[in-house]
Amino acid sequence: MLVSLDLLVNAIVAGILLGGFYAAVSVGVTISFGMLDIANIAQPAFILLGCYAAYLTNLYFGLDPILTGILMTPAFFVLGMAVYRLYYYAFERRGDQAIQGLAFFFGLLFVGEVSLVLIFGVDYRFVEASYIGPSIHLGWVDLPLRMLLPCVFSLLMVGLLQLYLTRSFIGRAILAVSQDGLALQLMAASPTKIKQIAVGISIATCAVAGSFLIIIQPVEPSIGRDYIGRIFAICVLGGMTSFPGMLIAAMLLGVVESITATFYGPSWAPAVSFGFLLVALAVRPAGLMGR
Amino acid sequence: MRAGTFWLIVIAVGFAFIVVSRLYLTNEYFYFAGYVVLEYIVLSTAWNILGGYTGYTNFGTGAFFATGAYSSAVLHKLPALLHTTFDWTIPPIPLPVMILVGGLISGAMGLGTGYLTLRLRGVFFAIATLALSIVVQTLIVNWDFVGGSRGIYVIRPAHAPLGSSYIQYLFTLMTVLAVAAVGIARSIEGSRLGLGLATIRDDELAAEASGVPTLRLKLIATTISGGLMGMAGAPLPYYVTYLDPTSSFNLSYAVNSVAMPVIGGMTSWIGPVLGAILLGTIQQVATVTISSALNLLIVGVLLILFVIIAPNGIVGLVRSWRRRKEV
């Protein structure tokens with residue numbers, strides 16, 4: 001097969017844009033799972049919730065999806081805190097978070113998906129906005145706006161979160177919990193409260209990520225599953241706790257997936273991310289930038 | 001009770017079950033519904049060997065189950081393929097052979113998964129199994145011989161052995177599998193292997209330090225667990241007569257096989273059986289009377305409620321109730 005250069009370059013550019021979006025999707029899990037050891041595999045369900053929130057406001061009020069996503073973050077923050085409360089009282093406090101905690105999040109994922117099916121059906125839903133459709137042409141490289149905008153906003157969000165975690169008091173407390181919760185308790189700070197805020201932030205990112213997702217592609221309830229592998233692959237490859245590592249991993253996955261889809265057909269793309277994850281877990285569990 | 005006695009009892013119960021159902025049940029629907037419940041007994045018992053005894057959460061039930069189903073689909077097409085390409089004529093392969101082959105292939109896959117992932121603990125293992133099921137599904141979707149994403153039609157043979165209708169034959173086979181699964185689970189529980197697995201569940205590091213060959217035991221557990229799941233999946237093509245990736249890799253198999261042991265109780269063989277009978281029956285009834293989407297919601301909600309309120313399942317509830325009565 002003759003690989004034409006412009007096809008390859010376009011695939012790589014599309015992959016980088018996709019990777020930017022993947023960073024927005026995985027940043028929440030990097031906080032909750034990477035930093036705080038809370039294996040929230042229900043994250044895709046919350047992202048889908050964000051999708052449908054953006055869909056509804058777009059359908060009935062004609063609101064811009066990204067704007068909705070940002071406006072919804074406080075509600076998702078509260079939801080996240082509530083989920084953590086429940087998780088804390090039911091599992092963390094009792095000390096048996098392993099299988100039961102996982103089963104809890106697995107059940108949550110499933111209940112979220114089935115509820116969305118019951119409410120919205122299994123039809124594909126999409127939003128309307130002025131930037132869905134047109135693209136910018138730079139020579140023979142196409143930059144579709146519906147990929148470019150999510151990528152830009154996602155990088156912005158990750159940057160802001162990075163600033164928040166390293167500069168603000170609570171952000172640094174979150175990093176401290178991730179390093180040593182017991183030591184933090186000795187400094188008279190409550191890891192539980194800090195974790196609650198952190199999980200709140202982690203779920204709040206789902207509102208924004210969900211609005212990006214429904215801009216990029218039409219959405220139906222079961223597509224969330226495809227993201228579990230991507231999210232955790234990126235989180236693990238990125239070295240669990242570092243945002244820069246996560247960004248690199250997200251871009252890498254985006255590019256590999258996009259090249260696979262371009263040259264071998266999109267039906268192979270899911271295997272790429274999960275294959276990535278399996279190899280990452282088997283060969284290098286410490287991640288690309290690991291300790 | 002010795003393991004041998006237990007085997008005799010389970011076999012007797014299974015045999016009695018088949019005979020009684022043959023004598024008194026004329027409605028074919030019972031066999032269709034009963035088949036699913038029995039299938040879940042096998043799946044949840046198999047899951048529990050790895051999840052309950054060893055403490056490793058497997059979210060990839062769908063992968064092993066569908067591998068068994070697709071190996072049967074391949075064997076089903078094999079005689080025709082050999083005939084057209086090599087002009088060899090072989091008779092159609094009987095279903096029990098397919099079940100054994102499906103079990104072997106899924107068992108081998110379990111062994112492979114074990115090698116690849118069992119150095120991973122807890123959450124990482126769970127996520128890896130979830131990933132495995134999507135990778136296998138993608139392979140099947142892109143494999144044209146078994147129909148790819150379009151699916152494949154499997155025509156049942158005109159005559160069923162044992163002088164019965166075909167669904168009764170499937171029902172009988174699944175009862176045999178359920179008996180075998182429960183017997184195996186109970187034998188493991190009381191054996192040195194079971195003790196070793198329990199030490200891994202309680203503290204893997206300590207187990208390894210005291211000389212338990214943890215990796216080997218875990219590989220045995222994944223192989224048995226995967227093999228049983230594959231055997232449960234092998235008759236599926238003949239049950240549904242139309243096999244497609246979306247429904248055979250359905251996440252509901254994974255959710256159910258996690259939910260049933262969790263709800264029943266993960267520490268002994270009776271837990272998954274109780275959970276499967278209870279949840280399986282509720283789902284069959286709900287599918288007929290309410291709707292099939294809602295019955296999945298019931299499973300999810302029950303799973304969440306049980307892990308929060310009764311983390312040791314029904315068996316745990318009964319035990320603590322008994323203890324309270326003694327005091």
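Me: Is the crossing of H3(A) and H8(A) left-handed or right-handed?
Reply: This is a predicted model, in which local features need pLDDT of at least 70, side-chain atom pairs count only at pLDDT 80 or more, and totals for chains, interfaces and linings use all residues. Residues are numbered from 1 along each chain as its sequence is written, chains are lettered from A in the order in which they are written, and side-chain values use heavy atoms, without hydrogens and water. A crossing is left-handed if the near helix is turned anticlockwise from the far one by less than a right angle, and right-handed if clockwise. The crossing of H3(A) and H8(A) is right-handed.

Me: Which class of angle does H3(A) make with H8(A)?
Reply: The axes (lines fitted to C-alpha atoms, for helices over the stretch in contact, with angles from 0 to 180 degrees between N-to-C directions) of H3, residues 65–92, and H8, residues 191–216, of chain A come within 6 Å and cross at roughly 140 degrees. Angles under 35 degrees count as roughly parallel, over 145 as roughly antiparallel, 65 to 115 as roughly perpendicular and the rest as oblique. H3(A) is therefore, relative to H8(A), oblique.

Me: How many salt bridges does the rule find across the interface of chain B and chain A?
Reply: About 3,500 Å² is buried between chain B and chain A (accessible area, 1.4 Å probe, lost on being put together, summed over both), and carbon and sulfur atoms give 86% of that area. A salt bridge needs a side-chain nitrogen of Lys or Arg within 4 Å of a carboxyl oxygen of Asp or Glu. Across this interface the count is zero.

Technical notes. Helices (H or I, at least four residues) and strands (E, at least two) are DSSP runs, numbered from the N terminus. Buried area is the accessible area (1.4 Å probe) that two parts lose on being put together, summed over both.
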